[in-house]
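I opened the model to look up its sheets, its cavities and its aromatic pairs, and I kept these entries as I went.

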Amino acid sequence: MNSHLLSFYRSTSRVASGVVLTVGFLVLAGWLFDIPAFTSILPGLATIKANTALAFILCGISLRALNHKQTKKPIRLFATACAAVVLLIGVLTLGEYVSNRDFGIDQLLVKDESTSQNINPGRMSPSTALNFSLLGLALLLLSMNQLPRLRESFTIIALIISILALIGYLYGVPSLYEFFPYSSIALHTALAFSILSIGILFARPDAGLTRLFSSDTLGGVIARRLTPAAVVIPILLGWLYLSGQRMGLYDSTIRLVLFAMSNVIIFAFLIGWNADLLSRVDVKRRQVERALSLNEKRSQALIENSWDAIALFGADGSILYGSPSTPQILGYSVNEFVGRNAFELIHKEDQAFVTERLTLSLQQPREHVSVYARVLHKNGEWRWLEGVFTNLLDEPSVQAIVNNYHDFTKRKQDEDALRERESYAHSLLNLSKRLEQAQTYSEALDAALDQVKAVLGYQNVWTYLLSEDKQYSRLLTTTGELSQVITDDFPTLPIKGDRFLEEIAEGKDIVLVEDARTDPRTNKDIVAQLGNRTIVNVPIVLMDRHLGAFGTGSFGEEGVRVPTSTQLDYLRSLASHMAVTLDRIHLLAKHRQVENELRKLNDQLEQRVFERTAQLQESEEKFSKAFLASPAAVSIASLPDGRYINVNEALVKLTGYSKEELIGRTSAELGLVDSTARAKILEVIRNHGFAHNVEIQIHTKSNQIAEVLTSIEQFELSGQACVLSVNYDITERKRAEIALQKAKLELEAANKELEAFSYSVSHDLRAPLRSVDGFSQALLEDYGEMLPPEGRNFLERIRSSALRMADLIDDLLNLSRVTRAPLKSVAVDLSKLAENITAELKRHDPKRSVSFIIAPNLRAGGDPHLLQIVLENLMNNAWKFTSKRGLAEIEVGTKHENGETIYFIRDNGTGFDMTYANKLFGAFQRLHSMTEFPGTGIGLATVQRIIHRHGGRVWAEGAVDQGATFFFTLPVLAGAPPAIPPEEEDSIHKRAKEII
């Protein structure tokens, strides 16, 4: 696309919007201020109506606002609204012409007088209304940036109508601008429409048909050359020849001949002019192609004969091209190389760096970005390559990232080897400095470990020290993560019989184990315990004396890490440095051993005295802490006077006296214990020699009485007879016991009232129901023929309701009996109960097709009669709610979750909505109507009470038309007491408060 043309076309569109706005405002001012020159260009010509002027203003505003694609949303919405109003004005005006009705929009702005030539005052012409409809639609599509072809079609149609009107005015042919009598499109209206249409076409010069006019291609050049000539020249020629005919210079036949010949000559000239342009462009193109072909051949020769290689990449790293030198550098043929992703061949450790350099190249087109990495050769080796990324993705002839690279593996290896040797020499120098200061094996090994970790990356080192007879080896170890203090108490390992140690003891050369898990020389039990992988043991030799071996290696997740030959040379040098130091430390250790033995004899005696003193202090401290921090009220009193020697904070809190008020006084002096409590305690001590858990009362400083459980023991403290008293405040527990006793009495009274109510329901309510049912039956039998059908229906419904009421009373009584009946817990065979209930259901309705699945040996602890009621209710429900299934299924079984046995009864019946699951186990709660499924709504409430009495849980799961499953739990062992759910566990005191 030609950016200059795009800018010119957009500027033209903005100018067109300004012209249309100016025309609209001038015409509207002409109407408002009665200036005929603004409403009609010449006297006698058609005028622009006020509605037309308003529509031009709205079109100019909309086009101006939509001239840029990035228009802000509020402005775009305003422009869309203006276009929509223009469309509405055009459509309503066309509707007035079609329906021959006045919608009241023609004279909204100004008053236009009706004349013999103006039968519709203020109304724009049909062609004007049509153009506004078309251009309103075009502006709406422009605001949405959609359907450019359709937008251009609407605009071109409006442009053609406008040009026809202009030709009519130019040629003096009224029929071209008068589409209906007394309804002409004004001259400046046609001009404004033409300018507006061109402005809409040029608003988006990079899309649709106008894209061709903005192109730099030959098609775009020819379109820009020929289109103005094709439009303007025929119109001007027609006007000239028509004017000559009207002046009498020739007749219509000669005019047609002249018009045809002029078109032939002019368009032949235009064809020749454009053919010459095409010929010159083609010659120039061939010259460029020859030059490009020559350059391409030279570049190809340069690429094919270069030792360096070139590759082209996509932005995602995909390989688009590889130069012929690719096989010499990486071993892959060009076909094997192209099509892969470069990151597949780059070493994992280098991928992040390459990604960073590639990203930088993407951000800096045409800049040279250096890069280097390890790349996988076809033979499996890693080759070091370095090169330069050049981003030419925006270059149409390349559209890729160019990478010029070469192999610098040998130079890299030489540089690494030089750095490695320098690093090793520096490491050994540091090691020598630290070994000179080392006084212990631990310091020597720690110094060696630091260097090994820094240089080789191993995290562990050790040393085998051989005995003089080479029969035993002592192992010294240290690790980087958890350093161990090395002492003379080393593990001593027998060498004979151990292939690995035997080879180390020979000391001929380095003993290298690449993988301890598979090497036959290693002890696999020790390897499994320690997690050894690679093991390296280097002989430690001093003046032809073989002292042992220095070892290092990898463990566990470090994997197999075999050292290179250069690294082995470094370890030999390190072992030589270690030899002198280890021998020196060995002699120092001998000297220290003699000194230590003498020192130990002195230290042992001092240590025993110290330990004994510490034990006594620790014992006293523990007793003091336990005494003071005890939650029980504890005191120590001297005998025989009973005066307090020490008390803890709990006793201070219990009695209300401070510690200073208690110490040195007796409980009698303070009035804490009355004579009755004292006599009670003395009686127990005389009988047993001590007092344990004796209930007494203590009178506090505030004259309150505290119930206390006290225990008293006699003991000696520093040779003096003393008594230890431990007191627990049980005041709240005593109150709770009283509250529980009161609650028990109230519960017994409530149960008696419930029994009286049950008796009243059973006897007092049944008599009225029997009377209602009996008299209703008598009426039906004696006077049934005299009653109309509706009356008999009423009596039958009365009898049915009475019977249902009786059933409800029976169910309520059963529910009451379930709650009050004594619970007898034995082992119950639930499978047998379920089979009996199944047989009864089949006998009751043999026509039903129901498949029963009953798991065998379902046993639980509970009351057999009550559990039968549970199964009857649940299985009857399953039988009832599967009545509408062609093949019903009912299953009785168990499952185990979290160590608990859960029993279930599942069916494929009507099911229920889980939203109402909380209503299932309430009395009289029903989820289905009586007519659909009969019942009283008491059965599941009865099931819940029975299961809860057994200490179990019951719940249900289901879905509408997908069946239901009822779950419940029971004690596993017969006779086991009902379990208390965790949420009901509480202290006695708290439960007593809840009952009160």
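I began with the hairpin formed by β17 and β18, which has two residues between the strands, and I noted that S718 in the turn has a positive phi of about 55°. Helices (H or I, at least four residues) and strands (E, at least two) are taken here as DSSP runs and numbered from the N terminus, and two strands pair if DSSP finds at least two bridges between them.

Before going further I wrote down that this is a predicted model, in which local features need pLDDT of at least 70 and side-chain atom pairs count only at pLDDT 80 or more, while totals for chains, interfaces and linings use all residues. Residues are numbered from 1 along each chain as its sequence is written, and side-chain values use heavy atoms, with hydrogens and water left out.

**Entry: the sheet around β17**

I counted 10 bridges between β17 and strand β18 (residues 720-729), which run antiparallel, and I found F715 opposite C722 in β18. On the other pairing I checked, seven bridges join β16 to β17, again antiparallel, with Q697 standing opposite E707 in β17. The hairpin of β16 and β17 has five residues between its strands, and there N703 takes a positive phi near 65°.

I then followed β14 (residues 633-638), which is joined to β15 by three bridges and runs antiparallel to that strand. I636 stands opposite N646 in β15, and A637 has Y644 as its bridge partner in β15. The hairpin of β14 and β15 has five residues between the strands, and G642 takes a positive phi near 80°.

Together these strands belong to an open sheet of five, in the order β15-β14-β18-β17-β16, with antiparallel pairing. I noted that β15 (644-647) and β16 (691-699) stand at the edges with a single partner strand each, so one side of each is left without a neighbour in the sheet. Neighbouring strands of this sheet are turned by 30° against each other on average, direction ignored. Helix α22 (residues 675-688) packs on the sheet, touching β16 and β17 (705-717), and its direction makes about 170° with that of β16. For these entries, contact means heavy atoms within 4.5 Å, and axes are lines fitted to C-alpha atoms, for helices over the stretch in contact, with angles running from 0 to 180 degrees between N-to-C directions.

**Entry: the sheet with mixed pairing**

I looked next at another open sheet of five strands, ordered β20-β22-β23-β25-β24, whose pairing is mixed. Here β20 (850-854) and β24 (954-958) are the edge strands, each with a single partner, so one side of each lacks a neighbour in the sheet. The twist averages 20° from one strand to the next. Five bridges join β24 to strand β25 (residues 964-968), and the two run antiparallel; E957 has T965 in β25 as its bridge partner. Helix α27 (residues 864-881) packs on this sheet and touches β20, β22 (888-897), β23 (900-907) and β25, with its direction at about 35° to that of β23.

**Entry: cavities**

How many cavities of 30 Å³ or more does the structure hold? I found two, where a cavity is a set of points, on a 1 Å grid over the protein atoms alone, at which a 1.4 Å probe fits but cannot get out, and lining residues have an atom within 4 Å of a point. Grid points are joined across faces, edges and corners, and a volume is the space filled by probe spheres set on the points.

The largest cavity holds about 290 Å³ of space, and of its 22 lining residues F313, A342, I346, V375 and N403 lie nearest its centre. At least two lining residues come from each of α13 (348-363), β5 (368-376), β6 (382-392) and β7 (400-407). I sorted this lining into 17 nonpolar, four polar and one charged residue, counting Ala, Val, Leu, Ile, Met, Phe, Trp, Tyr, Cys and Pro as nonpolar, Asp, Glu, Lys and Arg as charged, and the others, Gly among them, as polar.

The second largest cavity has a volume of about 40 Å³, and its lining includes L830, L858, L871 and F968. β22 and β23 are the elements that give two or more residues to this lining, and β23 gives the most, with three. Eight of the lining residues are nonpolar, one is polar and none is charged.

**Entry: an aromatic pair**

Rings of Phe, Tyr and Trp (its six-membered ring) pair if their centres lie within 6.5 Å, and planes under 30 degrees apart count as stacked, over 60 as edge-to-face and the rest as tilted. By this rule I counted 12 aromatic pairs. The rings of F56 and F132 have centres 5.0 Å apart and planes at 65°, so this pair is edge-to-face. F56 lies in helix α3 (residues 50-65) and F132 in helix α5 (residues 126-144), so the pair ties together parts that are 76 residues apart in sequence.

Note on methods:
On a 1 Å grid over the protein atoms alone, a cavity is a set of points where a 1.4 Å probe fits but cannot get out, and a pocket is an open set with protein on both sides within 12 Å along at least five of seven lines; lining residues have an atom within 4 Å of a point.
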